[in-house]
Amino acid sequence: MDDLKQSCYELSLPVTEKCNAISRDIDRANGKQMVQILRRCDAEIFEKKINNDSFQQTLYSSSVIQTMVDVAKRVEMILRDPEESLIVLSGCGTSGRIAFLLVTSFNEMLKAQNQKQICLYIIAGGDRALLTSQEAPEDDPALGALTLDKVCAGKKRVLFIGISCGMSAPFVAGQLDFCLKHLDVFTPVLLGFNPVHMARSEPMQNCSFHFKDVAERMTAVQRQKKAFVLNPVLGAEAISGSSRMKGGSATKIILETILLAGHEAAFRGKITMPECITARITTNEMVYETTYSHSDELAALIHKAGESLQMKAHVYYIGWHTLGVIGLTDASECIPTYGADFDDIRGFINNGFSEMKNKEGDLSSLGPQFVIGHKDFVDTILPTLSQNDMILFLFSVNDDLHEVTALADQVRRRTSNLHAIAHDLEKLTVPERVCNMFKTVLHLTWSFTSEEVNSFVMRQRWELSTKWCLNAISTGAHVLKGKVYMNYMIDLRVTNSKLYRRAINILQRFTGCAKSECERALLRAIYSTDDLSEDMTSADVWKHTDAANRRDQVVPTALVMIQCGCTLAEARHHLDCHPVIRDAVSACFSSSKNKSTVD
Ligand code: S6P
């Protein structure tokens, strides 16, 4: 694509789908360079201006901080008068998983103080989506509204926070629309990371409105403080569209800040001021600094995980308490993001589901993806563990270190490929004999005020830091495996309408062809034919994504077909000859370049 065409094309994309110039060459980077690239991309979360554009509001913008203050005041109101009230956090994929983590932690905090647990999470696809990829329910606005209606039945006051990083999920749009129709009960909040005019404007399943419509209606109602849109811009993701990274981190930072501020106001009489919100964000910025200051160890862990995946072996995260949840979340995201198998990167948590405290309880009967306890790891994985498998322990000094050492001991009897991310405190460090059990230890020592020690705040920072590390490790490992071309995950699974659009965008981006041509090639790959029937071309997106769910490599196949002007069979043959996607795409571009030179 020539430069002008390319920049017009980029401009047309919402920020969350754009290609980040910082990570453009991430596919050629080694572990150390990758850490630096990710560090710079994550720094954008806290930047005052993105791309020197002073019109875009960012996390520290006064308008964003003020909206956070306003929403925190709603939290305070509900905490002061919890009878018949609820705070609901809802989202799809990673956004739903972060909602789950925040809600369970916040409820724990309320319980510890003998307060009513008034927080609830909704994740599209139900609790199974906490551990596996359930992308299709994301497309259903009616399901979103229905689920919300059900959980709020009989409530008089509900603060609803709908999270959609890309401001695109129909499931969340349906819920916000429902709230807007019942403003007597609901105060809706939209959390996302695009300007409102970039919210998605495609039609939704059986629906008369689209996401952008809802976002605009929300903005209009915001003037009367009956609804709130929280949408700072964070810059593009390091892997284009992968909102589990910056989007997920910023969701955690923003909502924890709001919930805690509301809590402090309700129970400690601390009036929520913009300065307290800003100070909390700055603390998270320090977590970012501290985490990335361990770049050598992080690079070593990326390298190790990459080696394991390259050898078709596995990476296992063994986490304690909420660090276990962070591990499970990161692992489950590799399935939709990188088309990974569920056991390529897998997470385990102490005490399994009883530690998760999810709504639907023990899901282990649903299949091997739902087997998540340390004991399950010992029973099912440990006996077959090989030296190529990487094991990564995630714990803090507050966890049961006897348990940590006992399990590490068991693992060491089978492999030395054992590493750890360990958090401790200046005044309470993880003993050296524990650290010595691991080959690489990313050892983070934190300084907390005496008020913060043993508080939820401390745990939240460890979680965020661990999230940054694991995102870097799993992203880096898949890049090293050759799953990424430039900073695009080309071999994405086209399992919902957002991913269908992204697939067409990627094809346009790399071939420079018209949208219609790219869509035809994509459909040929999805329906596995060179001759598309009328039925196929006229079907709606949901039919396409349903069919695409059962096919492998649809986007690479379409790309090769367009680029080389070849048949489906020829394209598949080309991909079979190059098992590494990055090499397949490079080879296809160089062969088509040579061909056009000869022509
Ligand atoms: C993204 C992740 C997805 C998203 C989900 C919701 O890295 O794989 O599961 O979280 O699609 O996206 P959004 O934009 O509505 O938060």
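1. The first point concerns an open sheet of five strands, ordered β7-β6-β8-β9-β10 with parallel pairing; two strands pair if DSSP finds at least two bridges between them. Strands (E, at least two residues) and helices (H or I, at least four) are DSSP runs, numbered from the N terminus. At the edges stand β7 (345-349) and β10 (440-446), each of which pairs on one side only. From one strand to the next, the twist averages 15 degrees.

2. The model is predicted: local features need pLDDT of at least 70, side-chain atom pairs count only at pLDDT 80 or more, and totals for chains, interfaces and linings use all residues. Residues are numbered from 1 along each chain as its sequence is written, and side-chain values use heavy atoms, with hydrogens and water left out.

3. Within the sheet of point 1, strand β8 (residues 390-396) and strand β9 (residues 418-425) are joined in the parallel sense over six bridges. I391 has L418 as its bridge partner in β9. Helix α10 (residues 295-310) packs on this sheet, where it touches β6 (315-319), β7, β8, β9 and β10; contact means heavy atoms within 4.5 Å. The direction of α10 makes about 145 degrees with that of β10. Axes are lines fitted to C-alpha atoms, for helices over the stretch in contact, and angles run from 0 to 180 degrees between N-to-C directions. Helix α11 (residues 321-338) lies across β6, β7, β8 and β9 and runs at about 160 degrees to β7.

4. Another open sheet has five strands in the order β2-β1-β3-β4-β5, again with parallel pairing. Its edges are β2 (119-123) and β5 (228-230); each has a single partner strand, so one side of each lacks a neighbour in the sheet. On average, neighbouring strands are turned by 20 degrees against each other, direction ignored. Strand β1 (residues 85-91) pairs with strand β3 (residues 157-163) in the parallel sense over seven bridges, and L86 has V158 as its bridge partner in β3. Helix α5 packs on the sheet and touches β1, β2, β3 and β4 (186-191), its direction making about 155 degrees with that of β2.

5. Helix α5 (residues 141-151) also meets helix α6 (residues 170-181): their axes come within 6 Å and cross at roughly 50 degrees. That angle makes α5 oblique to α6; angles under 35 degrees count as roughly parallel, over 145 as roughly antiparallel, 65 to 115 as roughly perpendicular and the rest as oblique. The contact includes P141, L143 and L148 of α5 and P170, F171 and F178 of α6. Its residues divide into eight nonpolar, four polar and one charged. Here Ala, Val, Leu, Ile, Met, Phe, Trp, Tyr, Cys and Pro count as nonpolar, Asp, Glu, Lys and Arg as charged, and the others, Gly among them, as polar.

6. Helix α4 (residues 94-112) packs with helix α8 (residues 246-268) at an angle of about 25 degrees, the axes being 10 Å apart. The two helices are therefore roughly parallel to each other. Among the contact residues are I98, L101 and F106 of α4 and L255, L259 and F267 of α8. This contact comprises ten nonpolar, four polar and two charged residues.

7. An unreviewed UniProt entry lists residues 75-268 as "domain: SIS"; UniProt positions are given in the numbering used here, feature names are shortened, and annotations may be inferred rather than shown by experiment. In the model, residues 75-268 are 43% helix and 14% strand, and the end C-alpha atoms lie 14 Å apart.
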